[in-house]
Amino acid sequence: MAKSYKIGIIRGDGIGPEIITEALKVLDKVGTVCDIAFEYNEMLLGGFAIDATGVPFPSETKEGVNSCDAVLFGAIGGPKWDNLERHLRPESGLLALRSHMGTFANLRPAVVYDELVNASTLKAEVVQGVDIMVVRELTGGIYFGQPREYLSDRAYNTMVYTKVEVERIARVAFEIAMKRDKRVCSVDKANVLEVSQFWRDIVIEIAKEYPQVELTHMYVDNAAMQLIRNPKQFDVILTGNIFGDILSDAASMLSGSIGLLPSASTGEGVGLYEPIHGSAPDIAGMGIANPLATISSVAMMLKYALGEIEASQKIDNAIKQALKEGYRTGDIGAYDAKEICNCSKMGDVIVNLIN
Ligand code: IPM
Ligand code: MN
């Protein structure tokens with residue numbers, strides 16, 4: 001009998017529904033080819049959830065995610081909901097979801113496809129061969145720290161990390177490094193922040209469990225500069241929530257477009273798989289979004305959540321082949337293109353390349 005998995009689907013807002021549609025086409029095809037059955041459980045989150053239920057993270061979604069083998073997520077947010085109180089905004093729904101699922105480890109690979117070396121705003125020789133894994137702590141730090149408050153004459157947030165939080169994310173980074181080039185660069189701001197010195201001291205302790213891995217440290221401002229100056233020096237970047245948010249956006253442009261980069265958020269239980277880009281309200285509904293980041297996230301889901309390595313590789317290979325054959329979406333379109341595809345055409349191209 002075919003293996004069967006239950007996948008939670010959160011389409012979200014903006015381009016979310018379009019890119020998820022393409023991702024599901026691809027998942028269905030790979031399921032047929034590899035004899036795996038997928039059952040989809042659609043759930044609401046973000047702006048669409050606010051419109052339908054009044055809150056960004058409805059209780060059905062809260063309960064629903066726990067009974068899935070993995071959750072695939074599109075994107076959330078948009079100008080329509082920007083003026084709501086903070087706790088009712090779509091973004092708060094996503095943060096609450098991550099926290100609820102305990103997905104403390106956010107893996108954001110920044111890989112440059114050979115076919116797209118000319119699509120980057122940086123010189124081809126700088127980006128060719130870049131293969132970085134950003135390991136971003138996702139459920140702590142300044143995003144979640146208490147106290148936080150907006151007052152009339154000042155406002156504040158708190159950047160806090162506990163020992164356990166740093167230890168577990170550090171272990172994730174070292175474990176990943178063991179399967180790669182065995183180099184971890186921990187990024188912090190230890191020259192200014194106590195919380196960063198604490199982070200650094202604990203990372204040094206955990207590194208002793210992994211003597212084969214080389215550990216270096218970098219201040220976050222320098223890391224931002226080094227990512228642009230010489231990105232090939234990095235293998236695994238280990239960092240906290242807000243620094244990882246910023247650095248992964250910067251790293252995405254090495255690849256040519258933020259529309260290419262997937263992510264996996266793993267941790268205590270069910271994992272969450274999502275493109276790193278946002279809901280792109282300016283192009284929502286136009287059918288021109290790049291679905292490859294979401295399709296790549298499906299590949300990560302198959303690999304990390306379900307252990308379906310062959311199916312995962314089939315998707316990665318199809319993406320590479322599509323780029324090799326000159327299929328491009330508008331965001332990467334001007335370079336070596338045979339055909340500029342819309343969102344759904346790109347989905348079809350990938351589906352047809354999976355055999
Ligand atoms: C991301 C996004 C989110 C974040 C927002 C939408 C809350 O930018 O996933 O990188 O800051 O984590
Ligand atoms: Mn971000």
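Six residues line ligand 1 in this predicted model: Glu91, Arg98, Arg108, Arg136, Tyr143 and Asp245.

| Residue | Distance from a polar side-chain atom to an oxygen atom of ligand 1 |
|---|---|
| Arg98 | 2.7 Å |
| Arg136 | 2.8 Å |
| Tyr143 | 2.6 Å |

On its own, ligand 1 has 320 Å² of accessible area. The protein covers 78% of that area.

Now the protein interior. In soluble globular proteins, nonpolar side chains tend to be buried together. Here the largest nonpolar core holds 88 residues. Ile7, Leu72, Val135, Ile315 and Ile350 have the most contacts inside this core. Helix α6, spanning residues 163–178, contributes the most, with eight residues. A separate core has 14 residues, including Cys68, Ile76, Leu94 and Leu272.

Val135 shows how such packing looks at one site. Leaving out residues up to four places away in sequence, Val135 touches Asn106, Leu107, Ile169, Val172, Ala173, Ile176, Val236, Ile237, Leu238 and Thr239.

What about the cysteines? The disulfide count is zero. A disulfide needs two cysteine sulfur atoms within 2.5 Å. For Cys343, the closest cysteine sulfur belongs to Cys341 and lies 10 Å away, so the pair is too far apart for a bond. Cys343 is buried, with a relative accessible area of 1%. Cys185 is buried as well, with a relative accessible area of 5%.

Terms used: Residues numbered from 1 in each chain as written. Chains lettered and ligands numbered in written order. Predicted model: local features only at pLDDT ≥ 70, side-chain atom pairs only at ≥ 80, totals over all residues. Heavy atoms only, no water. Core = buried A, V, L, I, M, F, W, Y, C linked by side-chain atoms within 4.5 Å. Buried < 20%, exposed > 50% of the residue type's maximum accessible area, 1.4 Å probe, protein only. Helix = DSSP H or I, 4+ residues; strand = E, 2+ residues; numbered from the N terminus. Contact = heavy atoms within 4.5 Å. Near = heavy atom within 4 Å. Polar contact = N/O pair within 3.5 Å; in protein donor to acceptor, adjacent residues only side chain to side chain. Areas by Shrake-Rupley, 256 points an atom, 1.4 Å probe, with all protein chains shown as cover.
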